[in-house]
Amino acid sequence: MRKLIATSAVALAALVTGAVAIAAGTTPTPPKKQWHFQGPFGTYDRAAAQRGYQVYQEVCAACHSLSLLAYRNLMELGLTENQVKDLIKDIQVPDLNDDGAPIDRPARPSDRFKKPFPNMAAAAAANNGKAPPDLSVIAKARENGPDYLYALLTGYVPFDKLTPDQIKAFDVKKDDNFNTYFPGHKIAMAPPLADDKVTYADNTKATLAQQSSDVVEFLAWASEPHMEDRKRTGVRVVLFLLALAGLMYAVKRMVWSDKH
Amino acid sequence: MASSHGTPPVFNNKVIAWIDHRLPIFSYIEKEYHTFPTPRNFNYFWNFGAIATVMLVLMIATGVVLATNYTPHVLMAFDSVERIDRDVPQGWLIRDLHMNGASFFFIAVYVHIFRGMYYGSYKAPRELLWILGVVIFLLMMATAFMGYVLPWGQMSFWGATVITNLFSAIPVVGESIVTWLWGGFAVDNPTLNRFFALHYLLPFIIVAVVALHVVALHVHGSNNPTGIDPKGPQDTVPFHPYYTMKDGFGVVVFLIVFAGFAFFAPDYMGHPDNYIPADPLVTPAHIVPEWYFLPFYAILRAIPDKLGGVLAMFGAIAVLFILPWLDTSRVRSSTFRPIYKWFMLVLVVDVVVLGFCGANPPEGFWVPLSQVATLYYFFHFLILLPVLGKIERPLPLPPSIADSVLKKKAV
């Protein structure tokens, strides 16, 4: 019987892993990186995520929307309401005035993140026919999301560093952007980050790697703002269930003691 | 058994006695869930019926709450699910439990089905009980499939497109049926609307069939690991407190594993593409269903012909309906079937292999592998089972359940 249970456990585990064992094609798997938010007790690194917001706002937001988030959500990253108001004081968002005429007004914390383009068609038109994806859940929408995003942001190879084999195999032209981790390698997005693309207020040195990991920390939070709540609840639930299971087992033994 | 045992209970509480005299629900509970004589020798595989019931209740409870916050419209469905996750108080928890609950409902039911097959629980006089179980399984598949469409991500949309398109394989009327299913000429808003309506409706039909399943179960009582019928009171124990406690313990252990996934790896069993909003103009590189459909998906793709594939896939479930008559052995439990026992485990491996085939793109060695595994699946049911029952020599059965329990203790 024990063997039977073991066999079925293995079978189930295999079934479950089978579901995610989707072939990755020829693109290399992004290297595993240590994240502050990984593991059963991991939390978001507030400072990194706040820096990441700055990278998003100053660089990514020119093309990528973050439509599911509101500015008020930034308070979950440890900012006060006044700090948030200060951060968004220069952002103008579209609205209608009392006469129904379109106007721009200063953003409020309750506003959703401003979209860079008025609609998908405009976004596509400004980007060679393909609208840049919304980043709200991007960290969950890719296999190994955070690792992939970091690898993508740091994985550009300039044309003159490519081997002749790579140029031939992927038909790379001089104006193409080659990225080691993008499926098919040719990516429409030009390298978005470089050293010192932003200037951090906390004097952190803004290397490419630093900015990339900061913005991924921010996007991971944006994808799942309730992650810390989920893990905290999970610890309590599992501890409660373990205690309950112990009690149940003891009572079950007692009840059955006259039958064994 | 259930119809004949025990004397009518006497209730001391006047209110309960008054109600019971007019509507005997308390007598019913007393008879079917308290004194109900149950074989004393269940192993932990027998917990999974109770576990599946708990999961069904959990799915309905969380589902009703989700439905109050969900918008079944192609332009709003994706964002409304995200809104549940982000802005509805504890919405992330409800969605998490519902999303992972589906997987764990299937895990419970697959173990439950395996239990039934390994211990021959489908044999006379429990054929209808088994068939009702297969009906529940089919309803679950339909419900789960339509539920996966509701978040309107890429896999939702393309999964719905692939699966509804299967019906176009039916000669002559196929295309018309697909148009009728879609409510239009493509998977679109009418499809999403009706899938939402049906996803809300079907679970209650499942509850009704589960009720029939339980009624059928309580006519002859449960099977047990020896597969022999109880011969008297020494072979049984009252359902309560013996099995309420044992089931309760099993349910809690199962919930620990469930909580482990729901709270610490909620997206492990999902596909990342379903966090990309549905786009009818972009087909994902590989369209895969949820893990619990993968073996059937592999059978579908193993046959190079579309109609053949569809027939094979539905045939894979159809054979379960006639399983009681395919198995010619008079011995129920595999414990006493020295050859069949191993073939039963081979079938489990075969289904797992099919699952891997379904998860991988149909190219390279996955194609012949899924064909061999599909062939073996049908070989098991259609050839092996009828023949083996005739030629296998079963081990001697113990004289009684009590005897088998006491002998095991002496060892």
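**Close-ups of a two-chain predicted model**

**View 1. Thr26(A) sits in the loop between helix H1 (2–20) and helix H2 (46–58) of chain A.** Keep in mind that this is a predicted model. Now look across to Trp221(A): it and Thr26(A) are 195 residues apart in sequence, and their C-alpha atoms are 30 Å apart in space.

**View 2. Here is the largest nonpolar core, with 95 residues.** Helix H5 (residues 91–118) of chain B supplies its largest share, 16 residues. The residues with the most contacts inside this core are Ile51(B), Ala52(B), Met55(B), Phe105(B), Ala108(B), Ile299(B) and Leu354(B). Another core, of 41 residues, lies apart from it; Tyr53(A), Val55(A), Leu135(A) and Leu219(A) are among its members.

**View 3. Zoom in on Leu354(B) and its contacts.** Setting aside neighbours within four places in sequence, Leu354(B) is in contact with Pro295(B), Ala298(B) and Ile299(B), and also with Ser370(B), Ala373(B), Thr374(B) and Tyr377(B).

**View 4. This is where chain B meets chain A, with 43 residues of chain B in contact with 40 of chain A.** On the chain B side, the elements giving two or more residues are helix H4 (77–86), H5, helix H10 (239–264) and helix H14 (340–359). H10(B) brings the largest share of that side, 14 residues. What is the make-up of the side of chain B that touches chain A, in nonpolar, polar and charged residues? It comes to 30 nonpolar, 6 polar and 7 charged.

Definitions and conventions:
Residues numbered from 1 in each chain as written. Chains lettered and ligands numbered in written order. Predicted model: local features only at pLDDT ≥ 70, side-chain atom pairs only at ≥ 80, totals over all residues. Core = buried A, V, L, I, M, F, W, Y, C linked by C-beta atoms within 7 Å. Buried ≥ 20, exposed ≤ 12 C-beta atoms within 10 Å, placed from the backbone. Helix = DSSP H or I, 4+ residues; strand = E, 2+ residues; numbered from the N terminus. Contact = placed C-beta atoms within 7 Å. Nonpolar A, V, L, I, M, F, W, Y, C, P; charged D, E, K, R; others polar.
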